Amino acid sequence: MGKFKIPTWIIVFLALLNGYSFASETSAVEIMRSVVDQRRTNSEKVDIVMTLIDNQGKKWIRTGRFYMARKDSENDVRLFHFFTPPELAKSGILTIENSSGVHDQWLYLPAYHTTRRIAGGNRGEKYMGTDFFYEDIIRIRVDEYKIIELRKEVKDGINSVVLEGIPVADRLKEESAYSKIIWWVDPQKKTMLGAKYFDKKGNVLKLLENSDLEFVKGHYIWKKQLMFDVQNNHKTILEFGKKEIDEPISPDMFTLRYLKRAQ
Amino acid sequence: MIPKKKEAISIYFICISVYIILSAVTIHAGVAKGNFYDFSAKVKYDFINFYQDNLSRDSLQWNELSVYPKLQLMNKNAGFTAEGFLRKNFNYEGRSLYTMKETYANLSLEHIELKLGKQIINWGVADEIKPTDYFKRYDYTDILRKEEEGIFAFRATYQLGRANIDFVWAPVFDTDRISYDHKNPWAVVPRQEISFTLNNEHKPAMNLEASQFGLRAGFEQSGIDYSFTYIYGIDRLPTFIDTQTVGIVEGKPLVEVIPFHERIHLFGADWNKSFSTWNFKGEAAYVITEHPEISPYFRVVLGIDRNFSRFWSNTELYVLAQYAIDKFTGKGEEFVKKNGVNFNHLFRQAVTLNFDMKVSETYSLHIKGILDLEKGGRLVQSEFRWKPRDSVVAYIGADYLDGRDETYFGLFRNNDRFLAGVRLDL
């Protein structure tokens, strides 16, 4: 039997294709990393108006203030205080991220005069009753996804790169509500224009639209975010008002004592 | 114990003077710097209809209007809070109440928080059945809708990193509000056509001898919150109630009701830990009562809860299950059996279940149940809420109680009821 020989040109072609694919993935990862790094501040204090729009079109408006600071190179600490409506006023949620991926989280409900530890382990749960999941709020750990570039596309007049991220880290795969995310990224300003989230069955779950970009203290930051839960026809609009970026915030702010002292 | 009036008046005078000075300072600081002030109010109207007739009731229906006005002045370091509580029952005057729920001034320094005045202090991590939660007062004139009320106290909390020490001194003593009026379906005396007279001879005096204090050290370490507690207090609910027939009025026996509120030493601990999406918690107390026949005893509550933020479609579900033990280690069991239902020891073993389902921003369902595992007494409460807008909630619900005569819920089994109401947040 004669030896089966693969033609040299096929080997060269496959090598090039593989090389192209590898190069594409590396480049996509770097683009995504640059977006995450560009957005990450040392600290934030931001007034937020949160509008929930239910499937009947009825609007529910909440206002509050969000505080964030870096805990260490990997992790952040977050505090959110509600101002309105009266039912939620002065309640708050404190989150301390840990490298283990199991975050400490406490809720303060003035009606009960106490803080309560709440399970903070599941990234795929809703954050404060909005259409944002906890994993949408925390910083994207780029290494936990397999990220590839799908195409280049003009979105809202901006030359964007379309990236696909698939959870690959074991813990993320287990906890995430998503099987896949598609991000629209502006590589010039290193910002995320929008995203499409797919549930575990591969169906479209949510759409994210960011708008009204501003440049604050060296960071491009969106002033408005719309998250649309297409499966439940429910929307959340976040509008970011007065903000202080990279101003020193006392570590005492991220304690249970301060959680109870909404101001 | 007989109240020493002069001493009681002196204590009140000193406390109120300090309180007024501190309030004035904090109000001035708040207004002068103009950082933060807030006035809010909650208004509630409840219609309650008891299902079964009972000779001792004036009415099978209650209509209640409750108002909670609240004023807060606050700046970075100081604050003043005053919350009133006004409740008018249009059918049974015994439920009408006009008081201050809280009125306190507070001062926050770098590591210390000071609070003086009438305040609600919440200790422990359990829900509903709270073994170490001593420093607050309850209104049990409707035991299923008990209302929290502050006590007059000085509180100092010292925070160091993720640890804190909490000290509370309550110079005067108040019992919980409980009804000895047989016209109230929730009275702790038999609901029969007999006359009662209340003998307060054994109520603790209004003097420093009756002051209480507590110390709680709390820690947060490696993802677990835990604390240790010691309280030198007095039973806010009667340790036991004695009854004696003292005469005949209009051919019916006149019964004297004598509540005893005894000194207690409470040693407690609680902890709270999350594993993945589940939250586990426990609270325990070992109590020594200065009444030899009912002491000592220990109480333990173990609980697990979870929030399913995407339970089904857009529905959120919160579930909490708890197992509670209340066990005498001395002769208390015999004493309680001899004296009937003891309102301080409702069961020996029980399970509780809370189930809150938020179908949407507009609709939600809340169910709560308690089952006495030893004697079978049980309670189920349900409430369906409709929130057409953020500041308005309308609700309908029902309470179901059952059990044998010697059980707590069995004692009130004629009090099954339907309720409807509306709440405005202003």
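User: Which strands make up the open sheet in chain B, and in what order?
Analyst: In chain B, three strands form an open sheet in the order β10-β14-β13, with mixed pairing. Strands here are DSSP runs of E with at least two residues, helices are runs of H or I with at least four, and both are numbered from the N terminus. Two strands pair if DSSP finds at least two bridges between them. One caution: this is a predicted model, where local features need pLDDT of at least 70 and side-chain atom pairs count only at pLDDT 80 or more, while totals for chains, interfaces and linings use all residues. Residues are numbered from 1 along each chain as its sequence is written, chains are lettered from A in the order in which they are written, and side-chain values use heavy atoms, leaving out hydrogens and water.

User: Which strands sit at the edges?
Analyst: The edge strands are β10 (195-198) and β13 (240-249) of chain B, and each pairs on one side only.

User: And how does β10(B) join β14(B), parallel or antiparallel?
Analyst: They run parallel, with four bridges joining β10(B) to β14 (residues 252-260) of chain B. As an example, L198(B) has V257(B) as its bridge partner in β14(B).

User: Switching to chain A: how do β1 and β13 pair there?
Analyst: β1 (residues 43-53) and β13 (residues 234-245) of chain A pair in the antiparallel sense over nine bridges. In that pairing, L52(A) stands opposite T236(A).

User: What does β12(A) do with β13(A)?
Analyst: Six bridges join β12 (residues 219-229) of chain A to β13(A), and the two run antiparallel. They form a hairpin with four residues between them, and N233(A) in the turn has a positive phi of about 50 degrees. D229(A) has H234(A) as its bridge partner in β13(A).

User: Where else in chain A is there a positive phi at a residue that's not a glycine?
Analyst: D156(A) has one, also of about 50 degrees. You'll find D156(A) in the loop between β7 (145-155) and β8 (158-167) of chain A. Most residues other than glycine have a negative phi, and most peptide bonds are trans.

User: What about the interface: how many residues are in contact?
Analyst: 47 residues of chain B are in contact with 39 residues of chain A, contact meaning heavy atoms within 4.5 Å. The rule finds eight salt bridges across this interface. In one salt bridge, the side chains of R423(B) and E87(A) meet at 3.5 Å, N to O.

User: Which strand gives the largest share of chain B's side?
Analyst: That's β17 (residues 297-312) of chain B, with five residues touching chain A.

Terms used: Salt bridge = Lys/Arg side-chain N within 4 Å of Asp/Glu carboxyl O.
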